[in-house]
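Please keep the displayed sequence and structure at hand while reading.

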Amino acid sequence: MIVFLYLSVFTFVIRASDPSHNEISTEDNLESPLCCNLTVDHVEVEYSSKVVENEYIVMFNGYYKNQARANYINTALNTSGVRKWKILSRENPASDYPSDFDVVIIEDTDKNAGLSALTNHPTIKTVTAQRMVLRTLKFINDNYVRRGRTSLSKSQFWQATGRHTSRRLLRAIPRQITSVLQADSLWNMGVTGKGIKVAIFDTGLSKTHPHFRKIKERTNWTNEKTYDDGLGHGTFVAGVIASSKECLGFAPDSELHIFRVFTNNQVSYTSWFLDAFNYAILKKINVLNLSIGGPDFKDHPFVDKVWELTANRVVMVSAIGNDGPLYGTLNNPADQMDVIGVGGINFEDQIAKFSSRGMTTWELPQGYGRVKPDIVTYGSAVRGSNIKGGCRVLSGTSVASPVVAGAVTLLASGVLHRGDVINPASIKQALMASARRLPGVNMFEQGHGKLNLMKAYQILSSYKPQASLSPSYIDLSECPYMWPYCTQPLYYGSLPVIVNVTILNGLGVSGVIVNKPQWHPYSPQHGQMLDIAISYSELLWPWSGWMAVSLSVAAEGATYEGLAHGHISVTVESPPGPGETEARQSTVTLPIRAKIIPTPPKHKRVLWDQYHNLRYPPGYFPRDNLKVKNDPLDWNGDHIHTNFKDMYQNLRNAGYYVEVLGSPFTCFDASQYGTLLIVDPEEEYFPEEISKLKRDVDAGLSVIVFADWYNETVMKKVKFYDENTRQWWMPDTGGSNIPALNDLLASWGIEFGDRVFEGNFKLNDHEMYYASGTSIRKFPKEGLVISANLHDQGAQMLGETSEASKVHKVPVLGLHQTKSTEKSGRIIIYGDSNCIDASHLEAPCYWMLDAMLEYTSTSHLPSIFQDNQLKNWDNVATTDVPVRMDGNRLYRYSKVLEGNLGESQARPLPQCPHLVWAHPIPLNVSAPSNLYQSQKLLSLMEDVALPTLNIENMIKDASGHESNEDADLWMWRNKQLGQVAYQNENFNVTLSVLVLLSVLVFCYWVRLYRPKPKKRKICKRLVHFMQCRRMSTV
């Protein structure tokens, strides 16, 4: 498995690459006109990933002492024939405790036998590779303009392009982020973070830094003999959380536990993080701010350890990523259900351009992603501690993350008296329930909205253990918040719409759904027009689970137009809490509103093929545009609601209805659709799919194909070293799987070539850019073909300068009316998908897609295609037939192929998905007009006034005795604090309001009717004197 980490002052993304390649990312830093003692730098982050030869992380099924782990490894390897191996000694604060992993060095030339023996040992869970991460921060004090990322690679293969370079006036930067979020109100009540242990995984912190009151513990997990921060990143993050001077943090009295996991040379290892995570569990850390992330949600050791942390009541806060404004760019671990994923906004309450957007892509292609981020907060131009004192201003979601981590620390310290009622789920529930929704912003940009510290405190003060849902309702008619669901109504015969709902379980770390969720249609509001299918997690752990709701229109709604209402009820059960004898239960409802229309005409229905799109993780599938060097992986999901979002919106604006096919071609009724849209497929095709598509086209279905580059030699050029398998990896396809597409299109005599072309051209008045596309090698004579004059990009990449400088006449677009039957459909192919892919869009061609659909749906050929028709094939670029690369491993990630003795072969055709519709239990009730406003986001006790807490200097434990600083002060772990005193505010609210109004009326009367004072001579003399002073004496 390819592994990526993300860590920077704002964002740090480790991209898989050749070890010789380096990358630079830059971040925005804005100077505040209001700040004094402030240093302002911009940061260049140079990073790379290097291989640790022969080192492997062996994860065990449990925690064992050193000798026991060594015995298990000895037993496994001594019978494998491997002789040259040893267990790497780890000297760090966790070394004396039981652990669940070891690092093993295997130096034999044949390692496979040893790795296989370790993997098959009953006490060993997984064997993955050790890796080293290298990062370099450069703080440059100059007039800074964002230039994007640039590559320092010797080969200059992955080189960045800039974006977001425009400037505009910004609101003045607040002096204290804590004041903006009203943390000082909680400070005035005695809530300052005392009693909470907060861990900061970063670059360390100086023990003598003047901003911090209580640095409880500093631990070093690196191979350097220092605890201090040599770069400033860890200092800034710690300052946002807990600074007590100048640039104030949220929880100045919290216990800071500093985990130094990066060296001054910005080197770290996976094993360092795993050891540090284990130590955080041992130290009973309460809140953990994690400044790492990346697209690899299949990095199992890391993901599993995050689950283990939250299962041990550690509230984990993580940045959602800085890959916005593109959708489908969420980073792990912030995209996990048990982690608080934080996005960024500026001080004008606008979503920051750099903030990554949802949806999650774990669930693709068969399912649909979850809502993330969870909340957003200020992450642009925030002040924090500088490494040598004073303050600095930085931006990014890794700034927003410690803002929320500091807020969580402050909140937790104010509700210590609530005991184990407070847990990672309840904290997350309170943040989401209290968040203020930003107008005009959808849920995949803002989650539940902007952090509201005071309201969250009020909710936690009266919190009752319960389950909750995210989103808390489904309204397919509410725009823009419910985008994209609100953009297309339901209709009979469409593929089901899937809404992936997250279940947060505040009852306990584990739970189950009992008695199955129930569907209650509202009879007065046509709820019976909906068919609902529900699937869900068998186990809710840790603190969370999922529920997939599939919505479709029942047969009786085929001609109905209007709204349909109902709700789903879900009961969650968890084991009894401390001192309880009965299981905890919580029932929560999910209101549903859907807009239904009569089924659109066939020619207006477009089917998007999602099933044949593959992406990272787990395999290496390269970017479609070879000019884009800073981001080599295709990791955005290739979905109409992620990187093809703009294309989807264009189709909807043109009146087309787009449905997503997450299953093979054998699973859809082609008679219901006008066009099948196949874009950038990496997957193979079942033989049954190929034959069915031929029958479907003969029966009238039209097909549009957008392909991408494919060339064996270029694929070898973009190889990189996989850090887990210790092998050089070549992509198993190019931008698209052209050999598979050629098999699919062979029935019509259509074939793509194997050369890679790039360049600008025009179709009438339309500027076009062909980015790393393939060419048409064969096309029916009666078809229409359009060519463009392009350069051979493949030759350029391979250093063939003479060939690269030539201009070639390249067939790029073909349109064909098939004639097997009188009603046969039409086929259009285009060799490049980048003009409809928002990932690295340079010249959009949505107009061309509209023209294509006009041809496929009505058979009318737009004049722009006729005007540019290729008259003859003389002097067109010649290409070879593309073939599959020998030894490719596509079968490891394919849903179509399977490996057999090292060879690929087609799997048996899977069964088509069959939904089981929930039995409706009608209710004679009506839903309110606004589901959001009507929702009690949490079923709390009645709202209570915020208490003023008198926090004693010495916190008492359950026995009532005063405890020292080393005692465990965290009450989530079944201890109880001494009684917390409340100061009741004894005044009459009504009387206070009346008195205030009386004062205001009196002041207004005095201002309106008081006599104007006469000017006095002394005033005139004073004015005359001042005027004289201003006169020049020269």
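Helices α6 and α7 are roughly parallel to each other, a term for angles under 35 degrees, with over 145 counting as roughly antiparallel, 65 to 115 as roughly perpendicular and the rest as oblique. The model is predicted, so local features need pLDDT of at least 70 and side-chain atom pairs count only at pLDDT 80 or more, whereas totals for chains, interfaces and linings use all residues. Residues are numbered from 1 along each chain as its sequence is written, and side-chain values use heavy atoms, with hydrogens and water left out.

**Packing of α6 and α7**

- The axes of helix α6 (residues 270-282) and helix α7 (residues 300-311) come within 10 Å and cross at roughly 10°; axes are lines fitted to C-alpha atoms, for helices over the stretch in contact, and angles run from 0 to 180 degrees between N-to-C directions.
- Helices (H or I, at least four residues) and strands (E, at least two) are DSSP runs, numbered from the N terminus.
- On the α6 side, the contact is made by Leu274, Phe277, Asn278, Ala280 and Ile281, where contact means heavy atoms within 4.5 Å.
- On the α7 side, Pro301, Phe302, Lys305, Glu308 and Leu309 take part.

**Aspartate 100**

- Aspartate 100 belongs to strand β5 (residues 99-106).
- With a relative accessibility of 5%, aspartate 100 counts as buried; buried means under 20% relative accessible area, exposed over 50% and partly exposed in between, for a 1.4 Å probe and protein chains only.
- The side chain of aspartate 100 makes a polar contact of 2.5 Å with the side chain of lysine 305, and another of 3.1 Å with the side chain of asparagine 278.
- A polar contact is a pair of N or O atoms within 3.5 Å; within protein, one must be able to donate a hydrogen and the other to accept it, and residues adjacent in sequence count only if both atoms are side-chain atoms.
- Leaving aside neighbours within four places in sequence, the residues in contact with aspartate 100 include Val58, Met59, Phe60, Gly62, Tyr63 and Glu308.

- Five of the five residues of strand β13 (residues 315-319) are buried.
- In a regular strand the side chains alternate between the two faces of the sheet.
- Val315, Val317 and Ala319 point one way from β13, while Met316 and Ser318 point the other way.
- Strand β12 (residues 287-290) runs parallel to β13 and is joined to it by four bridges; two strands pair if DSSP finds at least two bridges between them.
- Valine 287 has valine 315 of β13 as its bridge partner.
- β13 also pairs with strand β14 (residues 340-345) in the parallel sense, over three bridges, and valine 317 has isoleucine 340 of β14 as its bridge partner.

**The four-stranded antiparallel sheet**

- An open sheet with antiparallel pairing has the strand order β18-β20-β23-β22.
- β18 (467-470) and β22 (530-536) stand at the edges with a single partner strand each, so one side of each is left without a neighbour in the sheet.
- Neighbouring strands of this sheet are turned by 25° against each other on average, direction ignored.
- Strand β20 (residues 497-505) and strand β23 (residues 544-553) pair over eight bridges, and valine 501 has methionine 547 of β23 as its bridge partner.
- Helix α9 (residues 424-434) lies across β18 and β20, running at about 120° to β20.

**Salt bridges**

- The count comes to 32 salt bridges, each being a side-chain nitrogen of Lys or Arg within 4 Å of a carboxyl oxygen of Asp or Glu.
- Aspartate 102 forms a salt bridge with arginine 90, with the closest N and O atoms 3.1 Å apart.
- Aspartate 102 lies in strand β5 and arginine 90 in the loop between β4 (85-87) and β5, so this pair ties together parts that are 12 residues apart in sequence.
- Both aspartate 102 and arginine 90 are buried.
- Aspartate 349 and arginine 436 form a salt bridge whose closest N and O atoms are 2.7 Å apart.
- Aspartate 349 lies in the loop between β14 and β15 (375-378) and arginine 436 in the loop between α9 and α10 (443-446), so the pair ties together parts that are 87 residues apart in sequence.
- Aspartate 349 is partly exposed, with a relative accessible area of 23%, and arginine 436 is partly exposed at 38% relative accessibility.
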